[in-house]
Amino acid sequence: MPADELDPIEAATARMSSDETDRLGWPDAAAQAVELPPLTTIPTPDYRPGCVIRYWCPLGCGWWHDEMVGAEPPAPPLILPAGFTSADIARAVSEQAAARERAYVARVEQAIAGHFEAAHPDR
Ligand SMILES: [Zn+2]
């Protein structure tokens, strides 16, 4: 098929050799792949006035679970090795944030699971 019969993007791509695409610095899809988040039962929340994050029952029965933004206990002090570097600080902050995220997800999932046991035992 002549290049002028193709979609303009396909035609432009067809004119380039793979060497040219490499030279353009197009990202390698495999190198750009991101790790998928873990599976969860948490539905998309509503953001309500007063710093409330509301998770409605996914089955639409009217039940909800609220999370208050900033109501979590303060984070414990960071634990850093002697002679720490900025990379150590970044790693410690990231680990602490990941632990707090896991606790948040577990708390919301537990609330939803408890609701399902009480109100939707057959699901
Ligand atoms: Zn429900």
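This is a predicted model: local features need pLDDT of at least 70, side-chain atom pairs count only at pLDDT 80 or more; totals for chains, interfaces and linings use all residues.

I called a residue buried if 20 or more other C-beta atoms lie within 10 Å of its own, exposed if 12 or fewer, and partly exposed in between, with C-beta atoms placed from the backbone. By that rule, buried residues make up 2% of the 123 residues in the protein.

Residues are numbered from 1 along each chain as its sequence is written.

Next I read off the secondary structure as DSSP runs (helices are H or I, at least four residues; strands are E, at least two; both numbered from the N terminus). I found 4 helices and 3 strands, in the pattern α-α-α-β-β-β-α along the sequence.

Then I turned to the sheet, counting two strands as paired if DSSP finds at least two bridges between them. The sheet is open, with 3 strands in the order S1-S2-S3 and antiparallel pairing. Strands S1 (46-48) and S3 (64-68) are its edges, each pairing on one side only. S1 and S2 (residues 52-56) pair over 3 bridges, and arginine 48 has valine 52 in S2 as its bridge partner.

Last came helix H4 (residues 86-119). How far apart should its ends be? At 1.5 Å times one less than its number of residues, the 34 residues of H4 should span 50 Å, and the end C-alpha atoms are 49 Å apart, which agrees. H4 is hardly covered, as I counted 1 buried residue among its 34.
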